Amino acid sequence: AQQQQQEEEEEEEEDEEEGHGRTAVLGSRFWGRCLVEGPRKARRSALTSERASERGSVARGSEMATQAKTEAVHRGSCLCGACAIEARGETLFSAFCHCIMCQTLSGAPAVHFTGFTTENLQCVKGEDNLAAYKSSEFMTRFSCKTCSGPVFNESHLPEYPFRDVPVGILARDENGKTIGLDGPLAPQYHIYYKSHVRPMDDGLTKFYELPHTAVLDKNGNKIAEGSMDCKPEAEATEAPEAPTAEN
C-alpha cells in the first residue's frame, strides 16, 4: 500500500513537472512574442508617428501654401506709372465683362477684371493724381490724370462693397505674362456676354448678364435657363447679387 501511494505521489510529481514544463514552454512563447512583437510594434508605432509627422508636415505645408496664396500681393500701375495699386488676399471674383460700357471705356471687346474687398485693394502711389468718374450710382472708376490709364473701380453696393482692377495693368513676369494669371487671377466666367463682339471659345461659362442669368454658348445662343430674371438694363432697379464691372 505504501509502495502504491509512493508511486502515485511520484506520478503526480511527474505530472506537475510536466505541467510546469508546458507552462514554461507556453510562457517562453508568450515572452518570445513580446520580445519579437514588441520591437515590431515599436517600429510600427515609430513609423505611425513618422507618418503622422509627415502628414502634419504636409498639412502645415498646405496651410502655409494657402496662407501664402491668401497673402499674395498683386501690384499694378497705369500706363505712365504715376498711379499704382496693391491688392492682397483672396480674390472675390475674376471675370471677363462684355458690357457696352466697359467696351466703350476700354475700346476692347471685353475687359478682364479681378475683384477684392475694398480694404484689400489700395492705391499706394499717386492717389492725388487719380481722376474719379462716377459711371453710375453703383460704380466709380478711377484713372490716371496724366495718361488716362485705368487704375481701379470701386463699387458702392451697400451689401457688397468691393474694388476691382483690370488684370491688364498688373505686373508681368520676364516673359510678359501677368503674374498670377494661372492661379488666383485666372478668369472664372464671362458676364454680359449678350453684347459680345466676337465668340470666345475658352470653355468658361458665359452668362447673359450677371451670374445666375441665362447661360449662352460661344456664339451667344442660350443653352441653359438662369435662376435670375433678365430685366432690360433700363428697367433694372435692384442692385445685382454678384459683383460686376457693369455700371
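Residues are classed by relative accessible area, with buried meaning under 20%, exposed over 50% and partly exposed in between (1.4 Å probe, protein chains only). The structure is a predicted model, in which local features need pLDDT of at least 70 and side-chain atom pairs count only at pLDDT 80 or more, whereas totals for chains, interfaces and linings use all residues. Residues are numbered from 1 along each chain as its sequence is written, and side-chain values use heavy atoms, with hydrogens and water left out.

The pLDDT, which is the predictor's confidence in each residue on a scale from 0 to 100, averages 78 over the chain, and 63% of the residues score at least 70. Over residues 64-69 the pLDDT is below 50, and this stretch has two contacts in the model beyond near neighbours in sequence, a contact being heavy atoms within 4.5 Å. Residues 230-245 also have pLDDT under 50, and for them the model has 35 contacts beyond four places in sequence. Where pLDDT is low, the predicted coordinates should not be read in detail.

A nonpolar core is defined as a set of buried Ala, Val, Leu, Ile, Met, Phe, Trp, Tyr and Cys residues joined through side-chain atoms within 4.5 Å. The largest such core has 17 residues, of which C97, C102 and Y189 touch the most other members. Strand 3 (93-97), strand 4 (111-116) and strand 10 (189-191) each supply at least two residues of this core, strands being DSSP runs (E, at least two residues) and helices likewise (H or I, at least four), numbered from the N terminus. A second, separate core of 16 residues includes C78, I85, C144 and V165.

Q103 lies in helix 2 (residues 100-106) and, because its relative accessibility is 14%, counts as buried. The side chain of Q103 reaches the backbone oxygen of S195 at 2.9 Å, and among the residues that Q103 touches, leaving aside those up to four places away in sequence, are H98, A108 and H196.

Eight salt bridges are counted, each requiring a side-chain nitrogen of Lys or Arg within 4 Å of a carboxyl oxygen of Asp or Glu. One of them joins R75 and E86 (3.1 Å, N to O), linking strand 1 (residues 73-77) to strand 2 (residues 84-88); R75 is partly exposed at 46% relative accessible area, whereas E86 is buried at 19%. In the salt bridge between E154 and R163, the closest N and O atoms are 3.1 Å apart, and both residues are buried. D182 and K177 form a further salt bridge, with the closest N and O atoms 2.7 Å apart; D182 is exposed at 66% and K177 partly exposed at 36%.

Terms used
Polar contact = N/O pair within 3.5 Å; in protein donor to acceptor, adjacent residues only side chain to side chain.
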